[in-house]
Amino acid sequence: MSFENKQKYSFSPYGASFAVNIGTYQGKFVRIAIGCLCIRFLMVLDDDFKEGFTISKSELQVNEMIRDNELRVVSADGEQLGVMDARAAQRLANERGLDLVKIAPNAKPPVCKIMDFGKYKFELAKREKENRKNQKVVNIKEVQLSPSIDTNDFNTKAKQAMKFLKSGDKVRVKVRFRGRELSHSEIGLTLLDRFAEAVKEFGTVEKPAKLEGRNMLMFLAPAAQ
């Protein structure tokens, strides 16, 4: 069979190269190529589907989700009801108008509690909201000094730091050395010790002075009330 004057096309779906000869075998090769593309598409779609609907292992199993052969069951009041199969436990929960919730999946046998799951989730969300509300965010403010700072500027910076500390924020005190000032870093150490002494009523040294590149840093934390 002669393949003269036959055109040859190639394409690469997802890294696989296919050659299609226009002729007797054209339909066969095209069908193979389309089939491979469809399989690849379904594989990608399947992966996305799985990722989108994966149930977190941290989620509690409730009612019909529980399929263990044996369960140790506890009542809503904490009473031990003994070991029974999942169906019997579910029946018991239904009779009481409550839910069966697996609370210790790794126990042998797993432990389930009969409870009002909706009420439990509501109380849990309420506690988490309360915890976030009571959680205090500590910010770190910065005060910058120079080795040659004058008395007025020093006092202004100290007052600024005291204001931050009174508000419950931490303070990073930075001394910036320029040029040859770095060769006299002991001046910065003395300056930071003096600064800590000036604000000691409202703050304590959390991290002592430390030279980092051209900066000497000291961290202050609010004093305990």
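**Notes on the predicted model**

1. The accessible surface of the protein comes to about 16400 Å², and carbon and sulfur atoms account for 51% of that area. The model is a predicted one, and the values in this note should be read accordingly.

2. As to overall composition, the protein contains 5 helices and 10 strands. Of its 225 residues, 26% are buried. Among contacts with a separation of 6 or more, 50% are between residues 24 or more positions apart.

3. An open sheet is formed by 4 strands in the order S7-S8-S10-S9, with mixed pairing. Strand S7 (140-145) and strand S9 (203-212) each have a single partner strand and stand at the edges, so one side of each lacks a neighbour in the sheet. On average, neighbouring strands of this sheet are turned by 20° against each other, direction ignored.

4. S9 and strand S10 (residues 215-222) run antiparallel and are joined by 7 bridges. Within this pair, Lys 207 stands opposite Phe 219 in S10.

5. Two helices deserve attention beside the sheet. Helix H5 (residues 185-198) packs on it, touching S7, S8, S9 and S10, and its direction makes about 15° with that of S10. Helix H4 (residues 151-166) lies across S7, strand S8 (170-176), S9 and S10, and runs at about 170° to S7.

6. Is Ser 75 buried or exposed? Its relative accessibility is 3%, and Ser 75 therefore counts as buried. This residue is located in the loop between strand S3 (71-74) and strand S4 (80-84). Leaving aside residues up to four places away in sequence, Ser 75 touches Leu 81, Arg 96, Lys 113 and Ile 114.

Methods:
Residues numbered from 1 in each chain as written. Predicted model: local features only at pLDDT ≥ 70, side-chain atom pairs only at ≥ 80, totals over all residues. Heavy atoms only, no water. Buried < 20%, exposed > 50% of the residue type's maximum accessible area, 1.4 Å probe, protein only. Contact = heavy atoms within 4.5 Å. Areas by Shrake-Rupley, 256 points an atom, 1.4 Å probe, with all protein chains shown as cover. Pairing = 2+ DSSP bridges. Axes fitted to C-alpha atoms, helices over the stretch in contact; angles between N-to-C directions.
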